[in-house]
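Keep the sequence and the 3D view open while you read.

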2 protein chains.
Amino acid sequence: MIAWKGLGTSKNFKMLKLSTIKFSTARITHKPISTTKITNNGSNPQMAFPCLDKLEQKTQVLSGSCNIEGNVNSLENGPEPSYSFVQTGFKTYKSHKPIFFDHGGYLPEYEIAYETWGQLNAEKDNIILVHTGLSASSHAKSQVDNEKPGWWEKFIGSGKYLDTDKYFIICTNVLGGCYGSTGPSSKDPANNDYYGTRFPIITVNDMVRAQRELIRDEFGVSKIHASIGASMGGMQSLAYAWEFPDEVEKVISISGCARSHPYSIALRHTQRQVLMSDPNWNRGFYYDKIPPHIGMKLAREIATITYRSGPEWEYRFGRNRADDSKSPALCPDFLVETYLDHAGEKFCLEYDANSLLYVSKAMDLFDLSSSNREKALKTRKSTEDEFFNHTPTSQSTSVPPEPYQEKKTSATVTPEESLQDLKNGLEKIAHKDVMVVGVESDILFPVWQQREIFDVLSSIENKERNLKYFELGTDISNYGHDTFLLSIDHFGPAVKDFLG
Amino acid sequence: MIAWKGLGTSKNFKMLKLSTIKFSTARITHKPISTTKITNNGSNPQMAFPCLDKLEQKTQVLSGSCNIEGNVNSLENGPEPSYSFVQTGFKTYKSHKPIFFDHGGYLPEYEIAYETWGQLNAEKDNIILVHTGLSASSHAKSQVDNEKPGWWEKFIGSGKYLDTDKYFIICTNVLGGCYGSTGPSSKDPANNDYYGTRFPIITVNDMVRAQRELIRDEFGVSKIHASIGASMGGMQSLAYAWEFPDEVEKVISISGCARSHPYSIALRHTQRQVLMSDPNWNRGFYYDKIPPHIGMKLAREIATITYRSGPEWEYRFGRNRADDSKSPALCPDFLVETYLDHAGEKFCLEYDANSLLYVSKAMDLFDLSSSNREKALKTRKSTEDEFFNHTPTSQSTSVPPEPYQEKKTSATVTPEESLQDLKNGLEKIAHKDVMVVGVESDILFPVWQQREIFDVLSSIENKERNLKYFELGTDISNYGHDTFLLSIDHFGPAVKDFLG
């Protein structure tokens, strides 16, 4: 452990007082951290910023021995968990065929990390494909090769809501992620260099098309029993059915939407901008350098706010301060602040910054409206044609060289036209059994967005299907967007029932 | 105007292509902006980041000729408004007496900028004190010395909701602000250096005590007719009555609260942390240097999200992109993103970064609960005693040298105890006429916080007073927290009626 004393309070401190720091590699020689004037003959003393000291110290540690391909040994005994977005115990599907994307761009080959639970039956008709949220790995549940609890540990299992006695459950790390699937932190076979921000923009529909290759190639299965997921997983769940309406029996979308709405886009926008403003992000080329841990920490803090709800925190933190015997500070001070600080710190080296940007952007771009999907299909086909005609992919459109200026003409779609566009898009899955789950306390995916999916599908007449809507009120859950992780017993039975 | 072309899309760009840049001071020689690898023989082209180019360019411009005491001339013809948090046309009250603060610390002397409208009557009983939100100046309305429209231009005036034919309206720039009142960007008479982060932590109650000195010293008035404000102004409005219950007749608190709640604290926390993480913030000592314009921009973008509502943006922006002919980008892309980007850019040099931190923190600390106010009073008195006994103010508690660790013991206050504590605190103003206005679409100050003020006051029996609660539903306003600026006609009549 690093014992950290930081700035002294004496009037004449000239430099940091550091107690003994033990690292596994080397002892750090500390220079005065900032250029702050150290004179202190004013009316009041200089405020200290231990939270910044800590960040700067972390940067120093990372600059000494960061190695993104392995572990950062120097941090193992330090204040942080090791740099560990390399997970273990998953299988890998490798496609040697290229995959082409909705907005141009392609990958010459790619890998998808996946884990499975239960057994594929003889009829090969019992697959449930579980889709993850933004930053989750394929490790939805513990298994022999990785016994750590998964992110939906109690939702999946023998006799559980996703019953492994009955179903063969598959969960993948999404394309663009960093837990074993090809993403910006992977190397491009074309030049053996990290993709970084040469990785193409991807969409949720692109992700599910990669998953489908895995299902077909690895298991020889042409139809899955169900597609289920929450948050971005709820988007993927719908997208899988949209891309392959004849290859999925039942669709469950929890705390998701049929198209991302501007407020959710705004909330993700600030996370991306904060991250991209970290000088260490270096326009996506930080591999083998200091990762943008400060930008990641801040982005995660913002994200954490969007995952929970006011009433939960009111009850959990109230106005309690972390340490009521101390004076107020600009560094984390109230209990809710130290909580956010810890949440950010825990995440900042656990996930790849570029993956966060690309997957977050994919969420913004999610829109099953007819016009959007038609345009995407056209672009994808054109990239594919160019590729197979052996002309280089021009993709000039995917490299915007100038800030976008608002074109007033692009804002003329009315809400009514927009809704009709969505209805036209959802026609494609209107014959499917679809269950939509919404949570009233969710701020990031407000419940009206789940109601929208249900309402639009309901408005398309079809007598054959089974259409269900299930909503958790604030009397049931105040966990907001994170309800799907924290209150599984409140929607699990309905899910189990729907799966049949 | 600066014409900006940014990174070219050609495969071999080696440096930025800049078109002619005209500055009033000097032409900038541009170096390659990042250390990004420029090889581009991968499967896909390198993405461009015009939004970062723009920020880096701005930093370069500011580093050339920033002078916080005047204008940044080089920006006058540039893409930004001039660095203008020096307002004009206000009067200044100067107190030569020291002011002592709730959490220790003091100012040996201070100034309060203010503006007035209407006439003080012979009885000196027609003053309405208007309190501002976080970043507003005293310029609530145009007047002869500053004819620009004020932030409540149409709310105040002859025959308007705050009727200048009847009332003498005063609005101040809060202590800690940067529009003429003493704040962190002021110089400390003790050493003639900027206060920076040697400025003491202040509270909303500290702010109103400074305002009261102005009211008494400048106008010789011992009782004001009304205290009114929205957002932080709604806090001040209550705080003024709390500090001086016999010196105010009527209290109007719009979109405010009686104590800041953890979700609001969390939302402000991220803004402060983002700002403090900008290396140019330099722990508060950026005066005469490059101001933390990137941190300010990002903080304002986050703030802007909290000021509005999802449904408003749904209607206003929908999923429209800024320029639908272009490909998706990680830089601002959707219309809501370019909107946020502009909002941040507009603000980033208009307000002082340290003022933002201190005033934002003052909002977090706002709590009229009995225990909190008693503790504050004790600390203040102790600082005052130390000062007048000619011992230096120790204030060791105001300089936290180490990150706060959560003390589990501090989290034991139950919601019920906490509510009783608030009730005990509000006893002090339970005999006053109080009007509370809430807005259902407000995310930053959710309507249950205004209901809380009303409910707690209502629970304290008193037959003499006039207690009113007025709520604007989502059918009336979807402007969220900004409703007090944008939908004045929906609550103005009720306010006018209440004022009598």
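## Where the two chains meet

Between chain B and chain A, 14 salt bridges are counted. The model is predicted. One of these salt bridges links B:R283 to A:D53. Their closest N and O atoms are 2.7 Å apart. Side chains of opposite charge can pair when their charged atoms come close.

How many residues of each chain take part in contacts between chain B and chain A? The count is 124 residues of chain B and 124 residues of chain A. The size of an interface is often given as the accessible area lost when the parts come together. Here, about 11,400 Å² is buried between chain B and chain A. Carbon and sulfur atoms give 58% of that area.

## Salt bridges within the chains

Over all chains, the whole structure holds 72 salt bridges. One of them joins the side chains of A:D193 and A:R198, at 3.5 Å from N to O. Are these two residues buried or exposed? A:D193 has 14% relative accessibility, so it counts as buried. A:R198 counts as buried too, because its relative accessibility is 1%. The cut-off for buried is under 20%.

A:D206 and A:R209 form another salt bridge, with N and O 2.2 Å apart. Both residues belong to helix α3 of chain A. They are three residues apart there, so about one helical turn separates them. Both A:D206 and A:R209 are buried.

Chain B has its own example. B:K297 and B:D341 form a salt bridge, and their closest N and O atoms are 2.5 Å apart. B:K297 sits in helix α6 (residues 293–307) of chain B, while B:D341 sits in helix α8 (residues 335–347) of chain B, so this pair ties together parts 44 residues apart in sequence. Both B:K297 and B:D341 are buried. Elsewhere, salt bridges with shared partners join residues into one network. Its members are A:R268, A:R272, A:K361, A:D364, A:K375, B:R321, B:D324, B:D333 and B:E337.

## Chain A as a whole

Chain A has 500 residues, and 64% of them are buried. Its secondary structure comes to 14 helices and 14 strands. Take the contacts in chain A between residues at least 6 apart in sequence: 72% of them join residues at least 24 apart. Chain A exposes about 18,400 Å².

In which order do the eight strands of the open sheet in chain A stand? The order is β1-β4-β8-β5-β11-β12-β13-β14, with mixed pairing. Strands β1 (91–95) and β14 (467–472) of chain A stand at the edges. Each has a single partner strand, so one side of each lacks a neighbour in the sheet. On average, neighbouring strands of this sheet are turned by 20 degrees against each other, direction ignored.

Strand β13 (residues 433–439) of chain A runs parallel to β14(A), and six bridges join them. In this pair, A:G438 stands opposite A:E471. Helix α4 (residues 232–243) of chain A packs on the sheet. This helix touches β5, β11, β12 and β13 of chain A, and its direction makes about 150 degrees with that of β11(A). Helix α14 (residues 488–499) of chain A lies across β5, β11, β12, β13 and β14 of chain A. Helix α14(A) runs at about 165 degrees to β12(A).

## A buried leucine

Now find A:L214 in helix α3 (residues 204–219) of chain A. Why does A:L214 count as buried? The reason is its relative accessibility of 0%. Beyond neighbours within four places in sequence, A:L214 is in contact with A:Y93, A:I112, A:Y114, A:I170, A:T172 and A:F219. A:L214 and A:T92 are 122 residues apart in sequence, yet their C-alpha atoms are 9.3 Å apart in space.

## One covered strand in chain B

Strand β5 (residues 127–131) of chain B is mostly covered, with five of its five residues buried. B:I127, B:L129 and B:H131 point one way from β5(B). B:I128 and B:V130 point the other way.

Strand β5(B) pairs in the parallel sense with β8 (residues 168–172) of chain B, over four bridges. There, B:V130 has B:C171 as its bridge partner. Strand β5(B) also pairs in the parallel sense with β11 (residues 224–230) of chain B, again over four bridges. In that pairing, B:I128 stands opposite B:A226.

Definitions and conventions. Residues numbered from 1 in each chain as written. Chains lettered and ligands numbered in written order. Predicted model: local features only at pLDDT ≥ 70, side-chain atom pairs only at ≥ 80, totals over all residues. Heavy atoms only, no water. Buried < 20%, exposed > 50% of the residue type's maximum accessible area, 1.4 Å probe, protein only. Helix = DSSP H or I, 4+ residues; strand = E, 2+ residues; numbered from the N terminus. Pairing = 2+ DSSP bridges. Axes fitted to C-alpha atoms, helices over the stretch in contact; angles between N-to-C directions. Contact = heavy atoms within 4.5 Å. Areas by Shrake-Rupley, 256 points an atom, 1.4 Å probe, with all protein chains shown as cover. Buried area = accessible area lost by both parts, 1.4 Å probe. Salt bridge = Lys/Arg side-chain N within 4 Å of Asp/Glu carboxyl O.
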